[in-house]
Amino acid sequence: MKKNPVIELEPKARIVERARKYIESVESFLDDGDQAVSLLLRALKYADRDLKREIMVVLGSFAKEDVVWPLYDMMTDSSENEEVRHDAAIQLSVIGRFLRDPQPLVDRLLKEIESPDAERRLHATFAIGWEGNFHAATSLIGRLYDADTRVQQTAVNALCNLRDDRIFDLLVDRLDHGPLEQKIAILFNLWRFDSKGERVKQVYLKCLAHEEPDIRFDALVCLGPLTEARDYLQVYRKCLKDKDDRIRELAVKRMAEEAGTSVLKLFRAEIEGLLHDPNMKVKKVALHILRKNREQVGET
């Protein structure tokens with residue numbers, strides 16, 4: 001049987017060069033169709049990390065069915081760069097719900113997240129978390145208790161990606177019983193439960209009294225995008241006395257957003273007290289509020 005010397009002997013550099021041209025011009029990629037897909041799949045073997053990522057994105061956008069198993073192979077290849085394996089997991093999580101039949105991939109990933117190898121569990125846990133993939137829920141819940149804290153955190157993200165409100169109470173429970181890293185991951189994901197908006201706010205407010213300063217600070221960070229500072233001024237007032245510098249600084253910044261005359265009248269003593277705060281950033285924000293108020297009073 002006669003072999004095709006053009007394909008077999010094409011230099012790696014040439015393949016990579018052609019791949020870059022397709023990445024730079026998606027129109028050319030679309031014009032060449034299957035030929036372009038085949039070339040990019042071959043280029044995945046030789047490209048550097050940045051180019052591999054770009055190739056994954058293009059193939060994930062236009063050739064999902066062709067790239068799914070090459071992505072899986074890269075993700076599970078222990079000889080591959082860890083960042084590349086993570087990139088492959090990301091793309092699998094993106095394209096999973098768009099596959100004509102995702103079940104074969106789901107089945108393989110469910111086996112992977114039970115692997116004795118922590119890296120394989122980590123990447124598979126990330127990859128299997130796409131919206132509507134409820135078949136993965138039970139296995140992902142098991143990863144909340146994984147021996148590797150990275151897998152635990154990734155399981156939180158993956159579970160939230162499912163967009164299943166039934167998981168909310170379980171995650172709130174883990175805020176009481178999980179390790180610190182997992183608690184922080186949960187705090188930064190609860191906002192995604194749209195239908196639980198009021199309960200999410202209450203969870204954040206409760207965490208402001210937590211003994212761990214990282215939990216208090218992250219809860220305050222997460223509370224901001226969900227609320228108007230003017231509606232929680234008493235909460236921020238209390239935070240001005242927190243022992244953690246970051247919390248005092250963030251609280252006074254949020255109050256600065258509401259630094260009208262009426263607000264300053266209520267909290268002037270506390271804000272003036274911050275002029276003697278041991279943290280220079282806190283002092284600076286307090287001084288800004290007082291100056292702003294003087295300017296407002298002068299204008300009126």
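Author: A salt bridge is counted when a side-chain nitrogen of Lys or Arg is within 4 Å of a carboxyl oxygen of Asp or Glu. This is a predicted model, in which local features need pLDDT of at least 70 and side-chain atom pairs count only at pLDDT 80 or more, while totals for chains, interfaces and linings use all residues. Residues are numbered from 1 along each chain as its sequence is written, and side-chain values use heavy atoms, with hydrogens and water left out.

Reader: By this rule, how many salt bridges does the count come to?

Author: The count comes to 26 salt bridges. One of them joins Asp-277 to Arg-248, with 2.7 Å between the closest N and O atoms. Helices are DSSP runs (H or I, at least four residues) and strands are runs of E (at least two), numbered from the N terminus. Asp-277 lies in the loop between α18 (261–273) and α19 (280–299) and Arg-248 in helix α17, so this pair ties together parts that are 29 residues apart in sequence.

Reader: With which residue does Asp-242 form a salt bridge?

Author: Its partner is Arg-216, and the closest N and O atoms are 2.8 Å apart. Asp-242 is in the loop between α16 (233–239) and α17 (245–256), whereas Arg-216 is in helix α15 (residues 213–226), so the bridge ties together parts that are 26 residues apart in sequence. Asp-242 and Arg-216 are both buried.

Reader: Where do Glu-82 and Arg-85 lie?

Author: Both are in helix α7 (residues 82–95), 3 residues apart, which is about one turn of the helix. Glu-82 and Arg-85 form a salt bridge whose closest N and O atoms are 2.8 Å apart. Glu-82 counts as partly exposed because its relative accessibility is 34%, while Arg-85, at 2%, counts as buried.

Reader: How should I read a surface patch, and which residues form the negative one?

Author: A patch is made of residues with over 30% relative accessible area and no salt bridge; like charges are joined within 9 Å, and nonpolar side chains (Val, Leu, Ile, Met, Phe, Trp, Tyr) within 5 Å. Areas come from the Shrake-Rupley method with a 1.4 Å probe, and for residues only the protein chains shown count as cover. Lys and Arg count as positive, Asp and Glu as negative, and His and the chain ends are not counted. A charge is placed at NZ of Lys, CZ of Arg, CG of Asp or CD of Glu. Here the negative patch is formed by Asp-34, Glu-65, Asp-66, Asp-101 and Asp-107. Of these, Glu-65 lies in helix α6 (residues 64–76).

Reader: How many disulfides does the count come to?

Author: A disulfide is a pair of cysteine sulfur atoms within 2.5 Å. By this rule the count comes to 0. Cys-160 is in no disulfide, and its nearest cysteine sulfur, that of Cys-222, is 11 Å away. Cys-207 is in none either, with the sulfur of Cys-222 nearest at 9.2 Å. Cys-160 counts as buried because its relative accessibility is 2%, and Cys-207 counts as buried at 8%.

Reader: Where is Ser-195 placed?

Author: Ser-195 is in the loop between α13 (180–187) and α14 (197–207). Ser-195 counts as exposed because its relative accessibility is 52%. From Ser-195 to Gln-153 the C-alpha distance is 23 Å, for 42 residues apart in sequence. As another case, Ala-124 is in helix α9 (residues 118–127) and is buried, with a relative accessible area of 0%. Ala-124 and Asp-245 are 121 residues apart in sequence and 38 Å apart in space, C-alpha to C-alpha.

Terms used:
Buried < 20%, exposed > 50% of the residue type's maximum accessible area, 1.4 Å probe, protein only.
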